[in-house]
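Hi,

Here is the model I promised to pass along. Have a look at it first, and my notes on what turned up follow below.

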Amino acid sequence: MTKLERNDRLVRLSLLMIALSAISVLAIITVFIFEQGTPIMFRYGFRSFLLGQDWYPSEKSFGLLPMIVGSLMVTFGALLIGVPLGLASAIFLTEFSHRRLARILKPVIELLAGIPSVVYGFIGLMFLVPFIRDKFGGPGLSVLAASVILGIMILPTVISIAIDSIRAVPDSYREGSIALGATRWQTVRMVVLPAARSGIIAGIILGMGRAIGETMAVIMVAGNAADIPGSILAPVRTLTSNIALEMAYASGEHREALFATGVILFIIIMILNTIANLTSARQRKK
Amino acid sequence: MESEKIRLEDAKMRPQKSRKDSFSNLTALMTAILLAAAFFFPSCQHRPGGHSLVVAGSTSIQPFADKWAEVFMEKRPGEMVDVQGGGSSAGIQAVRTGAAQIGMSSRELKDDEKDLYQIEVAHDGLAIIVHPTNPLENLTIEQVKSIFLGEITTWETLNGRKKEITVVVREEGSGTRGAFQELVMGKSRITKKAIVQDSNGTVREIVSRDPQAIGFISLGLVNESVKALALNGVKPTEEAILKKEYKLVRPFLFLTREAPSGLAREFIEFILSEEIQDLVHKEGLIPVRRGEPAESGR
């Protein structure tokens, strides 16, 4: 073995070690959450956690269904608001606007991602919540408020990734389409978007990840009632809020139940990611 | 399409990253707690002879006790007072086992706990608060209970407004919610539809902004942004509390296993002194009458 070869092996080995250490942190955390959160689920039964509707930890009632439904509703609401807005902005900035305008606007949009979530929450609490309370009724702290705030929070992710993937579509595609007599909008709709699809979906998955994991802003505007919301104007509690809200004073089984909340959140994120990845993989094959 | 593949990998990683963040915070917290515990125990073993005092219990009393201990230690250099949380029940347990010399309880002792010495150091009142524009001035405790049970859902029978009541409560596990549960709700559950906030400050903030809201906070934290209601016709004033006319009051108790002696006695006497009772008053609690600490033997 030459010296160069030995060096190469050494570098490879040390890089492997570093990579493994990063992954092992993730593994340790996973093991820790499951170790802390699953015993209580076995003690009271998975059904009572997943399907129970009453969250009264001090009375040993640990139903997480309202929070599971809450997380899904709020995340879905955020996508409903964030994706059309984000996609439209991305299409405008890449296909219809002046290049110079895009060059100014894109960094501005990316700047939105740098605003701390507590600021989004605060703005929501000061302006959006009173607006909803006055115009639509209810307490204002609601599924709607949380969805709008989260929808805005995922915009930068959705927009910037959509822009990148639309730009990655070769110009020859557009030229071909226009040469065939298609209008600009027809070209975007039938040629560019399908070609950029997997990238756009990746951006939406990222946005979804942010929406389901967001805690601070949601606690501030969602009202946190541990009840399945009857309408979009009713307050809602998500899984992440449940943990953060009650962590301070929780002890004993209450604390274990919060870890169990973490376990459920973990599993839901896994399921959502898998579904999203499978869909985009299938899209790509087409 | 290579670049898109990479992005897709990113997408897979991202949620895991954010999850890692939130839980590493939790782990860090846990480590901090363990470290704190590890520091506390040796510290009381290494200093025998009454130079160190462990005070543990109610998380409602803890922030106040922290301040009192600080003032105490300033006046008596060399003495150590460690104030720990854990909750009233944990405090009672700690005094029993000797892990703490003084336990703190923010609820009355149960019958089987009455073997401990208890000294009232202050009172904490709960105020039922509504928006300042709410014409309502008085509720009966039964009405309050019905509202928080979710039986009365509109203001109509109470102040004539045909609006839905926004019920605001504290989160499970908080001392204020515990006191409310015990003093008003008894064994009944607070409605699931109630909005939940994790501090007295945010409860007050929401009630001060929503004309239809009702909530409860520590009496000391009531200010002009909200209106504190009279209960059964009694306004939550200091006088009414000392006369035990206003019902939503809980005691702040210091507990010892034997009649307090040594540093424990000095610390308790110090808290009952005029200086600290004045401080108690300024912090929004209700001081106990000087000179007659309600002491009860076993």
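Let me begin with the two parts of chain A: the centres of domain 1 and domain 2 of chain A, taken over C-alpha atoms, are 29 Å apart. Please keep in mind that this is a predicted model. The domain assignment places residues 2-45 of chain A in domain 1 and residues 51-285 in domain 2.

How the two domains of chain A meet

Twelve residues of domain 1 of chain A touch twelve residues of domain 2 of chain A. Together the two domains bury about 1100 Å², with carbon and sulfur atoms giving 73% of that area. Which three residues supply more than any other three of the area that domain 1 of chain A buries against domain 2 of chain A? They are Gln36(A), Ile40(A) and Tyr44(A), and their share is 42%.

Two salt bridges are counted between domain 1 and domain 2 of chain A. In a salt bridge of 2.6 Å from N to O, the side chain of Arg43(A) meets that of Glu253(A). Polar contacts between domain 1 and domain 2 of chain A come to four residue pairs, counting those with both residues at pLDDT 80 or more. Sorted by class, the side of domain 1 of chain A that touches domain 2 of chain A holds seven nonpolar residues, four polar ones and one charged one.

Chain A as a whole

Eleven helices and two strands make up the list of elements in chain A. Read from the N terminus, their order is α-α-β-β-α-α-α-α-α-α-α-α-α. The C-alpha atoms of chain A fill a box of roughly 75 × 70 × 35 Å along the principal axes. Of the 286 residues in chain A, 50% are buried. Taking contacts in chain A between residues at least 6 apart in sequence, 72% join residues at least 24 apart.

A few residues to look at

Most residues other than glycine have a negative phi. Against that background, Lys60(A) has a positive phi of about 60°, and Asn224(A) has a positive phi near 60°. Lys60(A) sits in the loop between β1 (55-56) and β2 (61-62) of chain A, while Asn224(A) sits in the loop between α9 (216-222) and α10 (239-246) of chain A. Is each of them buried or exposed? Lys60(A) is partly exposed, with a relative accessible area of 44%, whereas Asn224(A) is buried at 0% relative accessibility.

Thr157(A) is part of helix α6 (residues 143-167) of chain A. Its relative accessibility is 13%, under the 20% limit, so Thr157(A) counts as buried. Leaving aside residues up to four places away in sequence, Thr157(A) touches Gly203(A), Leu206(A) and Gly207(A).

Chain B

In chain B, the assignment gives domain 1 (2-11 + 49-123 + 252-297) and domain 2 (125-242). About 700 Å² is buried between domain 1 and domain 2 of chain B, with 60% from carbon and sulfur atoms. How many salt bridges cross this interface of chain B? The count is zero, and zero residue pairs are in polar contact there with both at pLDDT 80 or more.

Best wishes

Note on methods:
Residues numbered from 1 in each chain as written. Chains lettered and ligands numbered in written order. Heavy atoms only, no water. Domains from an automatic or database assignment. Contact = heavy atoms within 4.5 Å. Buried area = accessible area lost by both parts, 1.4 Å probe. Salt bridge = Lys/Arg side-chain N within 4 Å of Asp/Glu carboxyl O. Polar contact = N/O pair within 3.5 Å; in protein donor to acceptor, adjacent residues only side chain to side chain. Nonpolar A, V, L, I, M, F, W, Y, C, P; charged D, E, K, R; others polar. Helix = DSSP H or I, 4+ residues; strand = E, 2+ residues; numbered from the N terminus. Buried < 20%, exposed > 50% of the residue type's maximum accessible area, 1.4 Å probe, protein only.
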